[in-house]
Amino acid sequence: MPTVTSIINLKGGVGKTTLTIALAHFLAIEHHKRVLVIDLDPQTNATVCLIPENEWKQRDETGRTLYQFFADQVKGTRRFNVDEAIVRDVSNIGGGVRGLDLLPSSLRLIKVQDRVTQLTDFENYERGPIFAMRDALGEFLPYYDHVLIDCPPSLGIITLNGLAISDSYLIPVVPDLLSVLGIPPILDRVDHFGMATRRNIRALGIIISKMRAQTLLHNEMQRRLREDFVDRRFPPVFQTIIPESTRIAEAANVLAPVHTLQQKYGTGGPYEDLSELTREYLANVAR
Ligand SMILES: Nc1ncnc2c1ncn2[C@@H]1O[C@H](COP(=O)(O)OP(=O)(O)OP(=O)(O)O)[C@@H](O)[C@H]1O
Ligand SMILES: [Mg+2]
(Lines give C-alpha, C1' and ligand atoms only; values in the text may rest on other atoms or scores of the structure.)
(Ligands and ions follow the chains in the order given, each with its own letter.)
Protein backbone atom coordinates (compact mmCIF):
# COMPACT_ATOMS: atom_id res chain seq x y z
CA MET A 1 0.00 0.00 0.00
CA PRO A 2 1.16 3.57 -0.61
CA THR A 3 2.11 6.12 1.98
CA VAL A 4 -0.79 8.56 2.05
CA THR A 5 0.03 12.04 3.33
CA SER A 6 -2.27 15.02 3.71
CA ILE A 7 -0.74 18.48 3.51
CA ILE A 8 -2.70 20.53 6.01
CA ASN A 9 -2.91 23.93 7.58
CA LEU A 10 -6.00 25.90 8.58
CA LYS A 11 -4.16 28.99 7.51
CA GLY A 12 -4.23 29.98 3.87
CA GLY A 13 -1.28 30.82 1.66
CA VAL A 14 1.40 29.00 3.66
CA GLY A 15 2.65 26.93 0.74
CA LYS A 16 0.55 23.75 1.03
CA THR A 17 -0.10 23.47 -2.68
CA THR A 18 3.39 24.54 -3.71
CA LEU A 19 4.98 21.90 -1.46
CA THR A 20 2.54 19.20 -2.56
CA ILE A 21 3.38 19.81 -6.20
CA ALA A 22 7.12 19.96 -5.55
CA LEU A 23 7.18 16.78 -3.45
CA ALA A 24 5.12 14.98 -6.08
CA HIS A 25 7.55 15.97 -8.83
CA PHE A 26 10.70 15.08 -6.92
CA LEU A 27 9.30 11.75 -5.73
CA ALA A 28 8.32 10.80 -9.27
CA ILE A 29 11.43 12.04 -11.08
CA GLU A 30 14.34 11.72 -8.63
CA HIS A 31 13.07 8.68 -6.73
CA HIS A 32 11.11 6.92 -9.50
CA LYS A 33 8.02 6.61 -7.31
CA ARG A 34 4.48 6.25 -8.56
CA VAL A 35 2.68 9.28 -7.19
CA LEU A 36 -0.95 10.34 -7.05
CA VAL A 37 -1.82 13.93 -6.16
CA ILE A 38 -5.37 14.34 -4.87
CA ASP A 39 -6.57 17.92 -5.05
CA LEU A 40 -9.22 18.37 -2.36
CA ASP A 41 -9.25 22.15 -2.54
CA PRO A 42 -12.13 23.85 -4.41
CA GLN A 43 -9.63 26.55 -5.39
CA THR A 44 -8.24 23.90 -7.79
CA ASN A 45 -4.70 25.26 -7.44
CA ALA A 46 -2.90 21.92 -7.48
CA THR A 47 -5.03 20.85 -10.44
CA VAL A 48 -4.10 23.85 -12.59
CA CYS A 49 -0.44 23.52 -11.57
CA LEU A 50 -0.46 20.04 -13.12
CA ILE A 51 -2.83 20.26 -16.10
CA PRO A 52 -3.84 23.21 -18.29
CA GLU A 53 -7.01 24.99 -17.24
CA ASN A 54 -8.90 24.13 -20.43
CA GLU A 55 -8.25 20.44 -19.88
CA TRP A 56 -9.54 20.76 -16.31
CA LYS A 57 -12.67 22.50 -17.57
CA GLN A 58 -13.43 19.79 -20.07
CA ARG A 59 -13.02 17.16 -17.38
CA ASP A 60 -15.16 19.09 -14.93
CA GLU A 61 -17.98 19.38 -17.44
CA THR A 62 -17.92 15.66 -18.14
CA GLY A 63 -18.02 14.42 -14.53
CA ARG A 64 -14.31 13.61 -14.29
CA THR A 65 -13.38 15.73 -11.27
CA LEU A 66 -14.04 15.34 -7.55
CA TYR A 67 -17.16 17.47 -7.90
CA GLN A 68 -18.94 14.51 -9.43
CA PHE A 69 -17.68 12.24 -6.68
CA PHE A 70 -19.14 14.39 -3.90
CA ALA A 71 -22.27 15.19 -5.93
CA ASP A 72 -22.89 11.44 -6.13
CA GLN A 73 -22.72 11.26 -2.33
CA VAL A 74 -25.36 13.96 -2.02
CA LYS A 75 -27.65 12.85 -4.83
CA GLY A 76 -27.30 9.10 -4.42
CA THR A 77 -26.14 8.79 -8.04
CA ARG A 78 -23.13 6.79 -9.30
CA ARG A 79 -21.76 8.78 -12.20
CA PHE A 80 -18.19 9.19 -10.94
CA ASN A 81 -15.61 6.76 -12.28
CA VAL A 82 -12.21 6.98 -10.54
CA ASP A 83 -10.32 5.34 -13.35
CA GLU A 84 -11.60 7.90 -15.86
CA ALA A 85 -11.09 10.81 -13.46
CA ILE A 86 -7.40 10.15 -12.75
CA VAL A 87 -5.23 12.12 -15.17
CA ARG A 88 -2.06 10.20 -15.88
CA ASP A 89 1.50 11.39 -16.45
CA VAL A 90 0.83 15.07 -15.75
CA SER A 91 3.16 18.13 -15.46
CA ASN A 92 4.91 20.52 -17.82
CA ILE A 93 8.24 18.73 -17.46
CA GLY A 94 9.03 16.92 -20.69
CA GLY A 95 5.36 17.13 -21.72
CA GLY A 96 4.34 14.89 -18.79
CA VAL A 97 6.08 12.90 -16.05
CA ARG A 98 5.71 9.14 -16.06
CA GLY A 99 4.12 7.93 -12.85
CA LEU A 100 2.84 11.33 -11.74
CA ASP A 101 -0.97 11.25 -11.68
CA LEU A 102 -3.68 13.65 -10.56
CA LEU A 103 -7.20 13.35 -9.21
CA PRO A 104 -8.51 16.82 -10.10
CA SER A 105 -10.63 19.14 -8.01
CA SER A 106 -13.44 21.45 -9.03
CA LEU A 107 -14.59 24.98 -8.24
CA ARG A 108 -18.05 23.47 -7.82
CA LEU A 109 -16.86 21.60 -4.73
CA ILE A 110 -17.69 24.72 -2.71
CA LYS A 111 -21.38 24.32 -3.34
CA VAL A 112 -21.54 20.58 -2.91
CA GLN A 113 -19.43 20.72 0.25
CA ASP A 114 -22.22 22.50 2.12
CA ARG A 115 -24.64 19.75 1.25
CA VAL A 116 -22.23 16.98 2.24
CA THR A 117 -21.67 18.80 5.54
CA GLN A 118 -25.39 18.70 6.26
CA LEU A 119 -25.29 14.90 6.03
CA THR A 120 -22.41 14.61 8.49
CA ASP A 121 -22.29 14.02 12.22
CA PHE A 122 -19.10 15.80 13.34
CA GLU A 123 -19.18 14.47 16.91
CA ASN A 124 -18.44 10.82 16.31
CA TYR A 125 -18.46 10.62 12.49
CA GLU A 126 -20.94 7.79 12.52
CA ARG A 127 -23.18 9.49 10.01
CA GLY A 128 -22.24 11.04 6.67
CA PRO A 129 -19.83 10.23 3.88
CA ILE A 130 -16.57 10.40 5.86
CA PHE A 131 -15.20 7.23 4.32
CA ALA A 132 -16.68 7.67 0.87
CA MET A 133 -13.33 8.46 -0.67
CA ARG A 134 -11.60 5.56 1.04
CA ASP A 135 -14.21 3.22 -0.40
CA ALA A 136 -14.05 4.73 -3.87
CA LEU A 137 -10.25 4.75 -4.15
CA GLY A 138 -9.68 1.39 -2.48
CA GLU A 139 -8.66 -0.64 -5.49
CA PHE A 140 -6.59 2.15 -7.08
CA LEU A 141 -4.38 3.07 -4.14
CA PRO A 142 -2.18 -0.06 -4.14
CA TYR A 143 -0.86 0.96 -7.55
CA TYR A 144 0.91 3.98 -6.02
CA ASP A 145 3.96 4.37 -3.78
CA HIS A 146 2.91 7.80 -2.54
CA VAL A 147 -0.38 9.64 -2.40
CA LEU A 148 -0.20 13.34 -1.57
CA ILE A 149 -3.40 15.15 -0.67
CA ASP A 150 -3.50 18.91 -1.12
CA CYS A 151 -6.06 20.16 1.40
CA PRO A 152 -7.99 23.43 1.49
CA PRO A 153 -7.26 25.75 4.43
CA SER A 154 -9.97 24.13 6.55
CA LEU A 155 -10.80 20.86 8.25
CA GLY A 156 -14.25 20.49 6.76
CA ILE A 157 -15.87 17.34 5.49
CA ILE A 158 -13.80 17.25 2.30
CA THR A 159 -10.48 17.46 4.15
CA LEU A 160 -11.73 14.78 6.55
CA ASN A 161 -12.37 12.48 3.61
CA GLY A 162 -8.68 12.90 2.79
CA LEU A 163 -7.60 12.32 6.39
CA ALA A 164 -9.69 9.16 6.45
CA ILE A 165 -7.28 7.61 3.93
CA SER A 166 -4.12 9.25 5.33
CA ASP A 167 -1.38 7.58 7.34
CA SER A 168 0.30 10.87 8.06
CA TYR A 169 0.18 14.60 7.55
CA LEU A 170 2.53 17.49 6.99
CA ILE A 171 2.05 21.03 8.27
CA PRO A 172 3.67 23.74 6.16
CA VAL A 173 4.05 27.04 8.04
CA VAL A 174 5.38 30.48 7.29
CA PRO A 175 7.56 31.31 10.29
CA ASP A 176 5.47 34.15 11.68
CA LEU A 177 3.50 34.54 14.87
CA LEU A 178 0.00 33.74 13.64
CA SER A 179 1.14 30.68 11.75
CA VAL A 180 2.87 29.28 14.81
CA LEU A 181 -0.19 29.95 16.97
CA GLY A 182 -2.24 28.05 14.40
CA ILE A 183 -0.39 24.75 14.90
CA PRO A 184 -1.92 23.42 18.17
CA PRO A 185 -5.52 23.59 16.88
CA ILE A 186 -4.51 21.49 13.87
CA LEU A 187 -2.82 18.87 16.05
CA ASP A 188 -5.86 18.75 18.37
CA ARG A 189 -8.39 18.40 15.62
CA VAL A 190 -6.53 15.74 13.70
CA ASP A 191 -6.04 13.85 16.98
CA HIS A 192 -9.74 14.07 17.71
CA PHE A 193 -10.61 12.80 14.26
CA GLY A 194 -8.06 10.00 14.53
CA MET A 195 -9.43 8.89 17.88
CA ALA A 196 -13.08 9.10 16.84
CA THR A 197 -12.40 7.04 13.73
CA ARG A 198 -9.80 4.76 15.35
CA ARG A 199 -7.02 5.71 12.99
CA ASN A 200 -3.45 6.56 13.75
CA ILE A 201 -2.66 9.62 11.64
CA ARG A 202 0.94 10.55 12.26
CA ALA A 203 2.11 14.16 12.28
CA LEU A 204 5.19 13.70 10.07
CA GLY A 205 6.44 17.18 10.70
CA ILE A 206 6.27 20.91 10.30
CA ILE A 207 7.84 22.37 7.18
CA ILE A 208 9.02 25.96 7.31
CA SER A 209 8.14 27.52 3.99
CA LYS A 210 8.39 30.94 2.35
CA MET A 211 11.22 31.73 4.75
CA ARG A 212 12.76 35.19 4.47
CA ALA A 213 16.16 34.55 6.01
CA GLN A 214 17.04 38.24 6.09
CA THR A 215 14.22 39.10 8.50
CA LEU A 216 14.51 39.01 12.26
CA LEU A 217 10.93 37.81 12.68
CA HIS A 218 11.34 34.74 10.50
CA ASN A 219 14.61 33.78 12.21
CA GLU A 220 13.14 34.25 15.67
CA MET A 221 10.05 32.23 14.79
CA GLN A 222 12.13 29.47 13.28
CA ARG A 223 14.06 29.21 16.54
CA ARG A 224 10.84 29.18 18.56
CA LEU A 225 9.31 26.51 16.40
CA ARG A 226 12.26 24.22 16.95
CA GLU A 227 12.26 24.85 20.71
CA ASP A 228 8.49 24.55 21.05
CA PHE A 229 8.81 21.19 19.42
CA VAL A 230 10.55 20.01 22.55
CA ASP A 231 8.52 21.99 25.11
CA ARG A 232 5.05 21.54 23.70
CA ARG A 233 5.34 18.23 21.95
CA PHE A 234 5.04 19.68 18.49
CA PRO A 235 5.84 17.27 15.72
CA PRO A 236 9.44 17.54 14.49
CA VAL A 237 10.38 20.51 12.37
CA PHE A 238 12.02 19.49 9.11
CA GLN A 239 15.70 20.48 8.93
CA THR A 240 15.24 21.65 5.36
CA ILE A 241 13.73 25.10 5.05
CA ILE A 242 12.01 26.29 1.89
CA PRO A 243 12.97 29.90 1.19
CA GLU A 244 10.71 32.47 -0.36
CA SER A 245 11.80 32.37 -3.97
CA THR A 246 10.39 33.81 -7.14
CA ARG A 247 11.50 30.69 -8.99
CA ILE A 248 9.40 28.49 -6.74
CA ALA A 249 6.37 30.72 -7.28
CA GLU A 250 6.94 30.70 -11.06
CA ALA A 251 7.11 26.91 -11.13
CA ALA A 252 3.32 26.90 -10.71
CA ASN A 253 2.99 27.71 -14.42
CA VAL A 254 2.10 24.46 -16.14
CA LEU A 255 2.13 26.11 -19.55
CA ALA A 256 5.88 26.85 -19.48
CA PRO A 257 7.61 24.02 -21.35
CA VAL A 258 10.64 22.73 -19.41
CA HIS A 259 12.64 19.51 -19.49
CA THR A 260 14.12 19.05 -16.04
CA LEU A 261 13.42 19.71 -12.38
CA GLN A 262 16.42 22.04 -12.41
CA GLN A 263 14.77 24.11 -15.14
CA LYS A 264 11.42 24.10 -13.42
CA TYR A 265 12.65 25.22 -10.01
CA GLY A 266 16.01 26.86 -10.73
CA THR A 267 19.40 25.73 -9.48
CA GLY A 268 21.50 27.56 -6.91
CA GLY A 269 18.88 27.30 -4.16
CA PRO A 270 15.30 26.25 -4.83
CA TYR A 271 16.00 23.03 -6.72
CA GLU A 272 18.55 21.86 -4.16
CA ASP A 273 16.29 22.74 -1.20
CA LEU A 274 13.30 20.91 -2.62
CA SER A 275 15.42 17.91 -3.51
CA GLU A 276 16.73 17.80 0.07
CA LEU A 277 13.23 18.24 1.47
CA THR A 278 12.05 15.22 -0.50
CA ARG A 279 14.90 13.09 0.85
CA GLU A 280 14.01 14.19 4.37
CA TYR A 281 10.35 13.41 3.72
CA LEU A 282 11.23 9.88 2.60
CA ALA A 283 13.42 9.38 5.67
CA ASN A 284 10.62 10.57 7.99
CA VAL A 285 8.07 8.34 6.31
CA ALA A 286 10.33 5.35 6.77
CA ARG A 287 10.88 5.99 10.49
N1 LIG B 1 8.68 29.14 -1.37
C2 LIG B 1 7.93 30.07 -1.98
N3 LIG B 1 8.51 31.19 -2.50
C4 LIG B 1 7.77 32.13 -3.11
N5 LIG B 1 6.45 32.07 -3.26
C6 LIG B 1 5.82 30.99 -2.77
C7 LIG B 1 6.52 29.93 -2.10
N8 LIG B 1 5.61 29.00 -1.72
C9 LIG B 1 4.42 29.46 -2.13
N10 LIG B 1 4.52 30.65 -2.75
C11 LIG B 1 3.45 31.48 -3.30
O12 LIG B 1 2.61 31.87 -2.23
C13 LIG B 1 1.25 31.77 -2.60
C14 LIG B 1 0.55 30.77 -1.70
O15 LIG B 1 1.16 29.50 -1.88
P16 LIG B 1 0.28 28.18 -1.96
O17 LIG B 1 -0.85 28.37 -2.92
O18 LIG B 1 1.19 27.05 -2.18
O19 LIG B 1 -0.29 28.17 -0.47
P20 LIG B 1 -1.50 27.32 0.12
O21 LIG B 1 -1.18 27.09 1.54
O22 LIG B 1 -1.76 26.15 -0.73
O23 LIG B 1 -2.71 28.36 -0.02
P24 LIG B 1 -4.27 28.01 0.17
O25 LIG B 1 -4.48 27.91 1.63
O26 LIG B 1 -4.96 29.17 -0.46
O27 LIG B 1 -4.53 26.72 -0.53
C28 LIG B 1 1.23 31.38 -4.06
O29 LIG B 1 1.13 32.52 -4.85
C30 LIG B 1 2.58 30.70 -4.27
O31 LIG B 1 3.05 30.82 -5.59
MG1 LIG C 1 -3.47 25.50 -1.67
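Student: Is Cys 151 buried or exposed in this model?

Tutor: Keep in mind that this is a predicted model. Burial is read from relative accessible area, with under 20% as the cut-off. Cys 151 has 0% relative accessibility, so it counts as buried. Cys 49 is buried too, with a relative accessible area of 11%.

Student: How many disulfides does the structure hold?

Tutor: The test is a pair of cysteine sulfur atoms within 2.5 Å. Here there are 0 disulfides. The cysteine sulfur closest to that of Cys 49 belongs to Cys 151, and because it lies 15 Å away, it is too far for a bond.

Student: Which residues have the most contacts inside the largest nonpolar core?

Tutor: They are Ile 38, Phe 70, Leu 103 and Leu 225, in a core of 54 residues. Helix 4 (residues 66-75) gives this core its largest share, 6 residues. Leaving aside residues up to four places away in sequence, Phe 70 touches Leu 109, Val 112, Val 116, Met 133, Ile 158 and Asn 161. Another core, of 39 residues, lies apart from the largest one and includes Val 35 and Tyr 271.

Student: Which way do the residues of strand 1 point?

Tutor: In a regular strand, side chains alternate between the two faces of the sheet. In strand 1, Thr 3, Thr 5 and Ile 7 point one way, while Val 4 and Ser 6 point the other way. Strand 1 (residues 3-7) is largely enclosed by the rest of the structure, because 5 of its 5 residues are buried.

Student: Which strands run parallel to strand 1?

Tutor: Strand 4 (residues 146-150) pairs with strand 1 in the parallel sense over 5 bridges, and Val 4 stands opposite Val 147. Strand 5 (residues 168-173) also runs parallel to strand 1, joined by 3 bridges, with Tyr 169 as the bridge partner of Ser 6.

How values were computed: Residues are numbered from 1 along each chain as its sequence is written. Chains are lettered from A and ligands numbered from 1 in the order in which they are written. This is a predicted model: local features need pLDDT of at least 70, side-chain atom pairs count only at pLDDT 80 or more; totals for chains, interfaces and linings use all residues. Side-chain values use heavy atoms; hydrogens and water are left out. Buried means under 20% relative accessible area, exposed over 50%, partly exposed in between (1.4 Å probe, protein chains only). A nonpolar core is a set of buried Ala, Val, Leu, Ile, Met, Phe, Trp, Tyr and Cys residues joined through side-chain atoms within 4.5 Å. Helices (H or I, at least four residues) and strands (E, at least two) are DSSP runs, numbered from the N terminus. Contact means heavy atoms within 4.5 Å. Two strands pair if DSSP finds at least two bridges between them.
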